Amino acid sequence: MDGFSAELLWRGLLSLPGLALATALLVLVLCLGGRRSRRPGEPPLIKGWLPYLGEIQNFQKMPVTYIKTLQKKHGDIFTVLIGGKYITFILDPFQFQLVTKNHKQLSFKMFGHKVSYNAFAIKMLLTNQELDHDLHVCYQYLQGKSLEVLFETMEEKIKHNFESRLLRNRNWDTEKMLIFCISIVFEVTFTTLYGNLLVADKKKFISELKDDFIKFDDIFPYLATGIPIELLGNARSLQKRIINCFRQENLAKFKGWSEFVQMRQDILEKYYEPDNSEIAAHHLGILWASMANTIPTMFWAMYYLLRHPEAMAAVRDEIDHLLQSTGQKKGPGFSISFTREQLDSLVYLESIILEALRLHSLSATLRFVENDFLLPVKSGECLLRKGDLVCIFPPAVHRDPEVFEAPEEFRYDRFVQDGKKKTTFFKRGKKLNYYIIPFGSGASKCPGRFFAVSEVKQLLFALVTCFDLEVIDETPVEQSYSRILFGVSYPSSDVLFRYKVKS
Ligand code: HEM
């Protein structure tokens, strides 16, 4: 738990209603916690000595090392009590599809809809299957032809952002990298999806929304795990402030919505009265999904690119080749334009983004066990208990030395082979289907993955072609585990870098 969130939690717990609720919870969990023991056929059970909380401390401190230690001792499947939830970890990548394939018995919806309720105050999804179905149909507007349009809009927004802010100064400018990435990703993503703002002070509106969003995102893992919002300091007022920005009267001030936002809004208006604030809560859900992981992905990709001269040289080289082959020249300002296909041909650029995701994606694929269920694993059958969670934990494969040589190292060309994208990775001599899984898998796989990767590519491409860039701090940046299971990690500290418009 980082300082801000811990403080929030304590402040909440120490308030009077907080104390009463915490005591009631403790009594309840003391009664329930002691009772569980491993049944025949169930995976090894690790409960820790703390009732309810179980192994939460060990897990939060060094999650990847901790899970690997358990794997050595108990094998590829075991159940751990973490903060009131019994989570069965499935760590063998050849068995991941058992989890995603059995979607009737291991459901995403139950878990996903509870998260939407706890974190975004969306109630209707808990009871209305059709709304869920219709909203899923909308994900097609983040792909295919719609993605091409989004790609072009994104390019325009980046151009505008660079020309109005970054390209004005001809001298070296110094900024903190995380703050820089938050600001640029937030503005580009928001304006690509929601269009331009027709308000008196656009900058103030976006900047306040961004600041509230970052504070909200910090609390998100606690909300998602079901800690009541009332216990989390000012979380409710933060949530309300963001939701208010998307109320009917404010939505009317966003001009040039993407097809994706427009289609979702049309569907929401079929299910709710137009002035129902739950429509705005759905917008908070999309705001979170589109920003929360893209920001840290941009940070890590930029950080590694700047920290590794050999990575920067490879990217500059492939960009120069692309410029030559398309007859374009680097001129002053933002004068170059590419299609998505052309940008996708930059294999080193993509490899750096994948490598950043390999090292820092902590998002788990979680499924809720609807009823006691026998999972047909390679060693026979494994009994999963109703009400538990099952978890595919990406770091188990992302940091497996059998799959990735020296897995702790950043290697800019890890996903390139013979000048092409490398897609074959092996374990126990067998080709893996799941070797990089930052976007989840199965029914809940991220529908915004192409949008996100295109955005990070476009931003890095623009930075590399417009600027000379240097990291100033040489101290390595560590990752924070505060978002374990729920996203790409943030750095535990920021880092200074400088940039200057290329002459
Ligand atoms: C690098 C950036 C991103 C990463 C790493 C990421 C990762 C993920 C992951 C791990 C999931 C959950 C999968 C699961 O539970 O199994 C997810 C879901 C989702 N993501 Fe992303 N995401 C990113 C960017 C985006 C963007 C830019 C958008 C929208 C424009 C988006 C929209 C969504 C939505 C709507 C869902 C929920 C899907 C559902 O309801 O089934 N994501 N994402």
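**Close-up 1. Cys 446 lies in the loop between β15 (430-431) and α20 (449-466).** Helices (H or I, at least four residues) and strands (E, at least two) are DSSP runs, numbered from the N terminus. The SG atom of Cys 446 is the single protein donor to the iron atom of the ligand, 2.3 Å away. Donors are N, O and S atoms within 2.8 Å of the metal (3.2 Å for Na, K and Ca); water is not among the atoms, so sites may look incomplete. The model is predicted: local features need pLDDT of at least 70, side-chain atom pairs count only at pLDDT 80 or more, and totals for chains, interfaces and linings use all residues. Residues are numbered from 1 along each chain as its sequence is written, and side-chain values use heavy atoms, with hydrogens and water left out.

**Close-up 2. Phe 96 and Tyr 434 form an edge-to-face aromatic pair.** Their centres are 5.7 Å apart, with 70° between the planes. Rings of Phe, Tyr and Trp (its six-membered ring) pair if their centres lie within 6.5 Å; planes under 30 degrees apart count as stacked, over 60 as edge-to-face and the rest as tilted. Phe 96 lies in helix α5 (residues 96-101) and Tyr 434 in the loop between β15 and α20, so the pair ties together parts 338 residues apart in sequence. Both residues are buried (under 20% relative accessible area; exposed is over 50%, partly exposed in between; 1.4 Å probe, protein chains only).

**Close-up 3. Arg 498 lies over the face of Trp 172.** The distance to the ring centre is 3.9 Å. A charge sits over a ring if NZ of Lys or CZ of Arg is within 6 Å of the ring centre and within 35 degrees of the ring normal. The charged end of Lys 422 sits over the ring of Phe 425, 4.5 Å from its centre.
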